[in-house]
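Reader: I have a model open and want to learn how to read it. Please take me through its features one by one.

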Amino acid sequence: MANFFKHAQERLKNKYNLDVIHDIVLGNSERVFLYADRSEVEQITLHVISNSLELIGLPHQESITIDRLMSLIDYENKYAEVAGLSRYKAYIEKELFDFSKIMNITFPIKYNNQRVWIHFDGFKVEKNENIYAIFASNITELMEHEEELYEKTHKDSLTQLFNKYTFDYHYGLRYQMEDLHILYIDIDDFKDINDKFSHHVGNETLQKLASLLKRYESGNNRFYRLGGDEFVGMFFNNTEEVLNVAHDILLRTKQIVLPQSNKNFTVSIGVIKATQREDLVRKADDLLYQAKNNGKDQVVFDIER
């Protein structure tokens with residue numbers, strides 16, 4: 001390999017007037033080359049070898065600590081929203097602090113109100129494995145487009161709630177968590193709303209209900225639109241708190257005025273508390289239809305058996 005390098009080095013110099021190190025390895029003006037000493041376990045610092053940290057949205061200085069970099073990460077991104085904040089933070093921290101393997105990670109930072117997406121490629125230096133080399137690139141333009149597509153994949157375009165695809169993903173991650181409750185919500189007589197006032201009014205009705213449901217979201221407590229006028233909530237509070245949410249939704253829904261009319265509408269809700277965690281969505285749906293059959297505009301609750 002040494003002979004190949006020497007031959008390439010000479011040919012590049014003589015034929016193209018290029019220096020391998022300065023013009024090729026370090027010559028990419030769109031990325032920053034850095035190194036870290038892995039043995040400095042108390043405070044890992046990234047030191048600049050070539051170019052400036054300004055290229056990746058950071059202040060112009062010769063080094064930055066990993067802790068400082070972590071403090072600048074913008075967690076208000078669509079990937080964190082879908083994964084869940086705690087899960088996303090744990091992933092970023094693991095990837096940034098694990099210098100035992102090849103690094104390949106992308107994340108956004110915010111500095112001076114400017115948001116920049118950075119991609120890190122890193123590797124151990126074979127001659128001294130305490131030294132870790134990193135190429136950092138600004139890929140904001142690409143990631144802004146990717147983030148937009150990612151959001152469209154995981155959210156319902158009409159209501160901006162998470163969609164069924166995301167519900168299935170979250171359910172797979174969280175169905176074993178404590179205090180799991182599934183809420184199944186359906187608009188009463190929604191077909192009549194569409195038939196009497198038009199599908200445009202029907203869509204606005206769905207949007208108004210979705211806006212109401214978003215008020216109750218926090219942490220892993222989320223609502224999803226499965227399709228049509230069917231919404232599912234996955235909540236991890238105690239039963240009293242979850243039922244308070246359900247009854248509050250009933251009350252506040254009746255205060256919403258249908259677009260282009262003076263009419264109001266109602267919803268029915270089935271709530272199941274998980275114990276066995278078997279077919280929970282169907283069980284919540286069964287409770288919803290009990291609410292419908294009992295006269296609508298009510299909550300029916302049960303504990304999974």
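Reader: What covers the buried residues of α8?

Author: The cover includes β8 and α9 (199–214). Contact here means heavy atoms within 4.5 Å. Helices (H or I, at least four residues) and strands (E, at least two) are DSSP runs, numbered from the N terminus. This is a predicted model: local features need pLDDT of at least 70, side-chain atom pairs count only at pLDDT 80 or more, and totals for chains, interfaces and linings use all residues. Residues are numbered from 1 along each chain as its sequence is written, and side-chain values use heavy atoms, with hydrogens and water left out.

Reader: Which residues of helix α8 are buried?

Author: First the cut-offs: buried means under 20% relative accessible area, exposed over 50%, partly exposed in between (1.4 Å probe, protein chains only). In α8 (residues 190–197), F190, I193 and N194 are buried. Seen down the axis of α8, these buried residues fall within an arc of 95 degrees, so they line one face of the helix. That arc is taken over the directions from the helix axis to the C-beta atoms. K191, D195 and K196 are exposed on the other side of α8.

Reader: What follows α8?

Author: S198 does, and its phi is positive, near 100 degrees.

Reader: How do I read a sheet?

Author: Strands of a sheet pair through backbone hydrogen bonds, either parallel or antiparallel. Two strands pair here if DSSP finds at least two bridges between them.

Reader: How many bridges join β7 to β9?

Author: Two, and the strands run parallel. Strand β9 covers residues 222–227. Opposite F162 stands Y224 in β9.

Reader: What is the order of the antiparallel sheet?

Author: It is β3-β2-β1-β6-β5-β4, an open sheet of six strands. β3 (63–65) and β4 (103–111) stand at the edges with a single partner strand each, so one side of each is left without a neighbour in the sheet. Direction ignored, neighbouring strands of this sheet are turned by 30 degrees against each other on average.

Reader: Which helices pack on it?

Author: Helix α5 (residues 85–97) touches β4 and β5 (114–124), and its direction makes about 120 degrees with that of β4. Helix α6 (residues 140–154) touches β4, β5 and β6 (131–138), and its direction makes about 105 degrees with that of β5.

Reader: How are β2 and β3 paired, parallel or antiparallel?

Author: Antiparallel, over three bridges. L46 has I64 in β3 as its bridge partner. T45 is found in strand β2 (residues 45–50).

Reader: Is T45 buried or exposed?

Author: T45 is buried, at 11% relative accessible area. Leaving out residues up to four places away in sequence, T45 touches Y35, A36, D37, E40, S63, I64 and T65.

Reader: Now the charges. How many salt bridges are there?

Author: Side chains of opposite charge can pair when their charged atoms come close. The rule asks for a side-chain nitrogen of Lys or Arg within 4 Å of a carboxyl oxygen of Asp or Glu. By this rule the count comes to 22 salt bridges. One of them joins E147 and R115, with the closest N and O atoms 3.1 Å apart. This pair links distant parts of the chain: E147 is in helix α6, R115 in strand β5, 32 residues apart. E147 is buried, at 8% relative accessible area, while R115 counts as partly exposed at 24%.

Reader: What separates K164 and D168?

Author: About one helical turn, because they are four residues apart in helix α7. K164 is partly exposed at 42%, and D168 is partly exposed at 40%.

Reader: Which residues are linked in a network of salt bridges?

Author: K78, E81, E151 and K155.

Definitions and conventions: Axes are lines fitted to C-alpha atoms, for helices over the stretch in contact, and angles run from 0 to 180 degrees between N-to-C directions.
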